[in-house]
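The entries follow in the order I took them.

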Amino acid sequence: MSQSKVFPQVQPFLDEMTETWSYVVYDREGGSAAVIDPVLDFDQPSGRTATDGAEKIVAFVKQKNLTVEWVLETHAHADHLSAAPFIREQLGGKIGIGDHITQVQGIFRSVFNLEKEFLVDGSQFDHLFAEEETFRIGDLEGRVIYVPGHTPADMAWLIGDALFVGDTLFLPDVGSARCDFPGGDARMLYRSVRKLLELPEETRMFMCHDYPPNGSRPHQCETTVGEQKRSNIHLKDGVSEEQFVKMRTERDATLGMPRLIIPSIQVNIRAGQMPPAEDNGTVYLKVPVNKL
């Protein structure tokens, strides 16, 4: 059966604090699953973490009697901490991310002046996916699509007829992701999106975030390739590369930094693990002053 004719079941989970969507993708009840972009609760004023949101994913997987094959990250997120290690501990599976994560690790090892033992080879993850690599989730086949621009390491996961785009695209009335983080590039993002929009129009497209304009509607997670081509306010058909780059560059210049970027990046380039504890047994996250 061709990949476009396979229809995986998709269960979304919304983390309202960060407006992040996580997903369980599975072939059938009692079958195999992947967990995509799970969120660890983090209270910044206190520095405390919790697993309330991730436990909802665990409960669903157990209810459906699923075997988790993969815990997949679309990229090293700058707006939430990953719960991938917790999911793997509770449910099994391998933590996977795109192989360009090494570039992001190199950038932020310098930004945060990380310990010399921190390696920029991606070895913190169980598997580094290359562009166009394929993988299996039970009866489902997945394919990796390299979509740099928001960061140099973004990957989209095409599983059957379901495409998980990370921060590359948002819903049509929200548009596209920023490109001003270290290693980001608006021109690359435009080309990445055009590649995604070459997929069949009926392909289901699942967002990593939704930011309803002015609270005009409830949070939503799903659209289609066809709807993006017709209606995306930044990248619909007819928008040229030069038009997009001009718009994105000017817009990004007005944006503040994400609220959780400082703790998130330090954790997420480690596959969701915290930095090593210091000699007093406490884990610390650094704040670079006047650096970002």
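**Entry 1: a helix pair.** How are α4 and α6 oriented to each other? The model is a predicted one, and I looked up the pair there. I found that helix α4, residues 186–196, packs with helix α6, residues 241–252, at an angle of about 130°. Their axes lie 9 Å apart. Angles over 145 degrees would count as roughly antiparallel and 65 to 115 as roughly perpendicular; α4 and α6 are therefore oblique to each other. I noted the crossing of α4 and α6 as right-handed.

I then listed who makes the contact. From α4 come A186, R187, L189, Y190 and R191. From α6 come E241, E242, F244, V245 and R248. By class, I have five nonpolar and five charged residues in this contact, and no polar ones.

**Entry 2: the largest pocket.** I looked up its volume, which is about 530 Å³. The lining is made up of 25 residues, and those closest to the centre of the pocket are F170, R178, Y211, L255 and P258. I sorted the lining of the largest pocket into 11 nonpolar, six polar and eight charged residues.

**Entry 3: the second largest pocket.** I noted about 230 Å³ of space here. This pocket is lined by 14 residues, with L14, D15, D41, G53 and K56 closest to its centre. Which elements give two or more residues to this lining? I wrote down the strands β1 (9–15), β2 (20–26) and β4 (39–43), together with helix α1 (52–63). The most comes from α1, which gives five residues. The classes in the lining of the second largest pocket are seven nonpolar, three polar and four charged.

**Entry 4: cavities.** How many cavities of 30 Å³ or more does a search of the whole structure find? I recorded one. The largest cavity holds about 60 Å³ of space. Its lining consists of A76, A78, V104, F108, T151, F181, P182, I261 and I265. I counted eight nonpolar residues and one polar in the lining of the largest cavity, with no charged residue.

Entry 5: I set the linings side by side for later reference. The largest pocket has eight charged residues in its lining, the second largest pocket has four, and the largest cavity has none.

Definitions and conventions:
Residues numbered from 1 in each chain as written. Predicted model: local features only at pLDDT ≥ 70, side-chain atom pairs only at ≥ 80, totals over all residues. Heavy atoms only, no water. Axes fitted to C-alpha atoms, helices over the stretch in contact; angles between N-to-C directions. Helix = DSSP H or I, 4+ residues; strand = E, 2+ residues; numbered from the N terminus. Parallel < 35°, antiparallel > 145°, perpendicular 65-115°, else oblique. Left-handed = near helix turned anticlockwise from the far one by under 90°. Contact = heavy atoms within 4.5 Å. Nonpolar A, V, L, I, M, F, W, Y, C, P; charged D, E, K, R; others polar. 1 Å grid on protein atoms, 1.4 Å probe; cavity = no way out; pocket = protein on both sides within 12 Å on 5 of 7 lines; lining within 4 Å. Points joined across faces, edges and corners; volume = space filled by probe spheres on them.
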